[in-house]
Amino acid sequence: MIGSVARSSRRLLSLTRVAKLAPPVTRVTNVHVLSRTFSSASEDLSEEVTSLPDNRFEGVGQPFDKKIAGILAQPLEDAEVILAKDGTLKVSEEFYKDVLNKAFGVGGWALVPCGEIKDLDLSESGQENKFVTLIREYSLYCHERFVSQAFGETSFYPGKQFYSEATEKIKFSALMRCCKDLGVASELWNKRWSDNWKSKYAVQEWVENTSNGRKNQLWRRRDEDWSWPYKKTTFQKSY
């Protein structure tokens, strides 16, 4: 029994020494966690709490060197263009990121959120496919310098989409608009260039959505055919 008490004493002494050597425990407070709770559309967007520093516009208006400028201003190749069915021309998210990585290096640029995601309920009451418009403002920094600021947005259908995918679409929308100020893929914002691209590579036709019977005029590439649920049709005007 005496031996058991001795062993317990030695163990207690050892634990006491370890406790003295361990660093003090610091209690972390005031941790700001972004929530995905939807807010009312009537809220003032200017009341957003932002973690951006007060000097976030430092370095504005100073040109980048010629090498960087040359990469950003490279002409857009026709093969990079993506045609949406409504006739909108765009390029992929990877295209913008590749250009920024080549110009500023991997990690040399960042798209910083300026607040939380806002929910604007723009759908009409009783609408079958009820959706909300999600928006969030971002700032683009390149080589630690402010470049541009823009809102990203997307339509979100609760229960039919993953929220995480919607947030990625918001971010890409903001990135595309910020890159516009750098001249990346600026041809897409030129109506004459867009019309010329469509005349060479696209065609607009009447098609029927076989899942609901609706007919619309949509666009497709000349080297591609319509796929389900669309099929080419003729439009007959009813009187």
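Biologist: What pLDDT does the chain average?

Modeller: This is a predicted model, in which local features need pLDDT of at least 70, side-chain atom pairs count only at pLDDT 80 or more, and totals for chains, interfaces and linings use all residues. Residues are numbered from 1 along each chain as its sequence is written, and side-chain values use heavy atoms, with hydrogens and water left out. pLDDT is the predictor's confidence in each residue, from 0 to 100. At least 70 is reached by 72% of the residues, and the chain average is 79.

Biologist: Which element has the highest mean pLDDT?

Modeller: Elements are DSSP runs numbered from the N terminus: helices (H or I, at least four residues) and strands (E, at least two). Helix α1 (residues 2-21) has the lowest mean, 46. Over residues 12-50, pLDDT stays under 50. The highest mean, 97, belongs to α3.

Biologist: Which elements do the buried residues of α3 pack against?

Modeller: Buried means under 20% relative accessible area, exposed over 50%, partly exposed in between (1.4 Å probe, protein chains only). In α3 the buried residues are E93, F95, Y96, V99, L100, A103 and F104. Packing is judged by contact, meaning heavy atoms within 4.5 Å. Their partners are α2 (66-72), β3 (109-113), β5 (132-142) and α4 (163-180).

Biologist: What is the strand order in the open sheet of 3 strands?

Modeller: Two strands pair if DSSP finds at least two bridges between them. Strand β7 (residues 202-209) is joined to β9 by 3 bridges. The edge strands, each pairing on one side only, are β8 (214-221) and β9 (230-232). With antiparallel pairing, the order is β8-β7-β9.

Biologist: In β9, which residue is the bridge partner of V207?

Modeller: Strands β7 and β9 run antiparallel. The partner of V207 in β9 is K232.

Biologist: How many disulfides does the count come to?

Modeller: A disulfide here is a pair of cysteine sulfur atoms within 2.5 Å. The sulfur of C142 is too far for a bond, because its closest cysteine sulfur, in C179, is 7.5 Å away. The sulfur of C178 also has C179 as its closest, at 7.1 Å, too far for a bond. The count of disulfides is 0.
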